[in-house]
Amino acid sequence: MTFNFAVVFKFQDALLLGLLTTLKLTLICIVLGCALGFFLALARTSKSAILRGVSSIYVEFFRGTPVLVQLFWVFFCLPLVLGVELSNLASGVIALTLYMGAITSETFRASLKSVGQEQLDACVALGLSPWARTMNVVLPQAVLRAAPTLLSNCVSLFKESALVSAVGMADLMFVGQNISNNTARPVEVLTVVALIYFVIAFPLTRAVTVIEHRILKRLAV
Amino acid sequence: MSYTFDFASVFRNMAPLWDGLLVTIQLTIAANVIGLTLGFVLALLVMSRWRAIRLPVTLFIEFFRCTPAIIQIVWFFYCVPMLFNVFLGSVTMGIMALGLNLAAFNAEAYRASIQAVPREQLDAGVALGLTPFQRVLYIILPTAVRNSVPVLLTNGIGTFQQSALVAIVAVQDLMYQGKTLATLTYRPIETFTIVALVYFAVSFPVSQIVGYLERRREVLAS
C-alpha cells in the first residue's frame, strides 16, 4: 500500500485544536487533582477514623476501577444524580480530577511518611498551629520529594485524557479518529496522532529521571 | 434527587455481563502471559552491549509507555490489517495490543530490578568461577524476579483495567456489555455502578496483595 502523509497536514488546524483541548483538560486536572490528592493524603494519615475510612475507600475505588468506567459514570450518571446538565468539559474535568486526586494521594502519602516525626515534634515545641505546620513544614518537603512521581502521574493523566474521546469530547484522539474515518487513511492519521502524544510525553518521562538524579541529590532530601 | 433506583433490571440481565467478564479475564490472562515473557526478553535486550539492539528496543518500549493505550488499541485494530493484510479475531487483536503494551511496562520493571542486584553479588559469582550464563541464571534471575513481583502484579492488574478500552473497538468485554445493557435498559446509573463494582472486586484483592508484599519487604529489609 502507498502512504500519503500529506493528507494529515491538510487537517493540521483541526489536530491543533484537538491538542489544545487535550492540553487544557490535562492542565486543569493536574492543578485540581494535585490539590485534591494532597488533602486526601492528609485525610488518610489523620487521627479521625471516619476521615481515614472515607478517604481510603475513595482512593481504592478510583484506583481499582478502569478510568473508562469512571468517565462513563460521570458523563451519563452524574447529571442524573445531580439533576443538572454538565458541559462536556465540566464532566471531563470532574472525572479526570477525581482520578488524578486518587493517584496523586498515594504519591503524597509516601512522601508525607518521609517527613520525620522529629520535625512534627519540633513544630509542637515551637507552638506552630496545625495549619502552619501543614503549609510551611510538611507541604514544601512533601511536594519536593513527591516531584518525580507527581510528574509521572501527570504524564499518566495526559495519556488517560485520550479516553474522553470515547464520550465524545473533541480532544486530539477524537479529532484524529474523526479525520481517520473520513479520509479512510487510518495508518497515516493515527500514526501522526500517536507521534504527537509521544513527542509531548517522552521528554516529560526523561525529565522525571533528571529530577530524580540531579535535583533531589543536590538538595540531599 | 428524584430518581428511583432499579437494580433488579441489571440483575435480570446478568448473563451478558458474566460473558463479558469472562472475555475481560481471558484478555487479561493472555496479555499477562505475553507481557511477562516478552517483557523479560525486552529487558535483557535493552541492557545489551550492542547499540544496534538497544536502540530499537528502547524505542519500542518508550513508544508504548509514552502514548495513550487507547490509541495503541485503535491503531492496532485499524492499521495492522491494512499494513500486513491480515485480520485476526478481534479478541486476538485485543490480546496482542494489550500484551505489547504490558510487555513495555514490564520490561522497565524487570530492568529496574535487574540493575538493583548488588554489584558485589556478581563479583562473588566471578570469584566462585561461575560462567556468565550461570551468573544470570542463579544470581540475577532469582533476585530480580522476586524483587519485581509487586510491580509486575500492579502492571498486570493495570492491564485488567486497561482491557476495558477494547470496548471502544467493539470487543464484547465487560465494559462493552455494560454499555449495551445501559442503553437497552435506560438504566446507566445502576449498570455502570455494577460494572465498576465488578472491576473493583477483581482489582482490589490484588492491590491488597501487592501492599502486603511491599510491607513485608520493608520489614525484611530493615
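Author: Before we look at any annotation, a word on reading one: UniProt feature names are shortened, and the annotations may be inferred rather than shown by experiment. Also, what you have above is a predicted model. With that in mind, let's start with chain B.

Reader: Okay. Which residues of chain B does the annotation "domain: ABC transmembrane type-1" cover?

Author: In the UniProt record, an unreviewed entry, that label covers residues 21–210 of chain B. In the model, this span is 83% helix and 0% strand, and its end C-alpha atoms lie 23 Å apart.

Reader: And which parts of chain A carry the annotation "transmembrane region"?

Author: The unreviewed UniProt entry gives residues 15–40, 61–82 and 189–208 of chain A. Residues 15–40 of chain A come out as 100% helix, with the end C-alpha atoms 36 Å apart. For residues 61–82 of chain A, the figures are 91% helix, 0% strand and 20 Å from end to end, again between C-alpha atoms.

Reader: Let's zoom out. How many helices and strands does chain A have?

Author: Chain A has 9 helices and 0 strands, so to speak an α-α-α-α-α-α-α-α-α pattern when you read along the sequence. Its C-alpha atoms fill a box of roughly 70 × 50 × 25 Å along the principal axes. Chain B also has 9 helices and 0 strands, and from the N terminus its elements run α-α-α-α-α-α-α-α-α. The C-alpha trace of chain B spans about 75 × 50 × 25 Å.

Reader: What share of the residues counts as buried in chain A, and what share in chain B?

Author: The cut-off to keep in your head is 20 or more other C-beta atoms within 10 Å for a buried residue, and 12 or fewer for an exposed one. On that count, 40% of the 221 residues of chain A are buried, and 38% of the 222 residues of chain B. Then look at which parts of the sequence meet. Take contacts between residues at least 6 apart in sequence: 78% of those in chain A join residues at least 24 apart, and the figure for chain B is 78% too.

Reader: Now the nonpolar core. Which residues touch the most other members of the largest one?

Author: Those are A:L68, A:V69, A:L71 and B:I71, in a core of 108 residues. Helix 5 of chain B, residues 90–115, gives the largest share of this core, with 13 residues. Beyond its neighbours within four places in sequence, A:L68 is in contact with A:L163 and A:A166 in chain A, and with B:A164, B:L165 and B:M175 in chain B.

Reader: That takes us to where the chains meet. How many residues does each chain bring to the contact?

Author: Chain A brings 33 residues and chain B brings 31. On the chain A side, helix 3 (49–64), helix 4 (67–82), helix 8 (172–183) and helix 9 (186–219) each supply at least two residues. Helix 9 of chain A gives the most, 10 residues. By class, the side of chain A that touches chain B has 24 nonpolar, 6 polar and 3 charged residues.

Reader: I've also seen positive phi values flagged. Where in chain A is A:A184?

Author: A:A184 lies in the loop between helix 8 and helix 9 of chain A. Its phi is near 55°, a positive value in a residue other than glycine. A:A184 has 10 other C-beta atoms within 10 Å, so it counts as exposed. For chain B, look at B:Y186, in the loop between helix 8 (174–185) and helix 9 (188–221). B:Y186 isn't a glycine either, yet its phi is positive, about 55°. It counts as exposed because it has 9 C-beta neighbours inside 10 Å.

Reader: Back to chain A: does helix 6 lie largely in the open or is it buried?

Author: Of the 9 residues of helix 6 (residues 117–125) of chain A, 0 are buried, so this helix lies largely in the open. Just after helix 6 of chain A, you'll find A:G127 with a positive phi of about 70°.

Reader: Last one: what confidence scores come with the model?

Author: The model scores ipTM 0.84 and pTM 0.87. Residue by residue, chain B has a mean pLDDT of 88, and 98% of its residues reach 70 or more.

Definitions and conventions
Residues numbered from 1 in each chain as written. Chains lettered and ligands numbered in written order. Predicted model: local features only at pLDDT ≥ 70, side-chain atom pairs only at ≥ 80, totals over all residues. Core = buried A, V, L, I, M, F, W, Y, C linked by C-beta atoms within 7 Å. Helix = DSSP H or I, 4+ residues; strand = E, 2+ residues; numbered from the N terminus. Contact = placed C-beta atoms within 7 Å. Nonpolar A, V, L, I, M, F, W, Y, C, P; charged D, E, K, R; others polar. pLDDT = per-residue confidence, 0-100.
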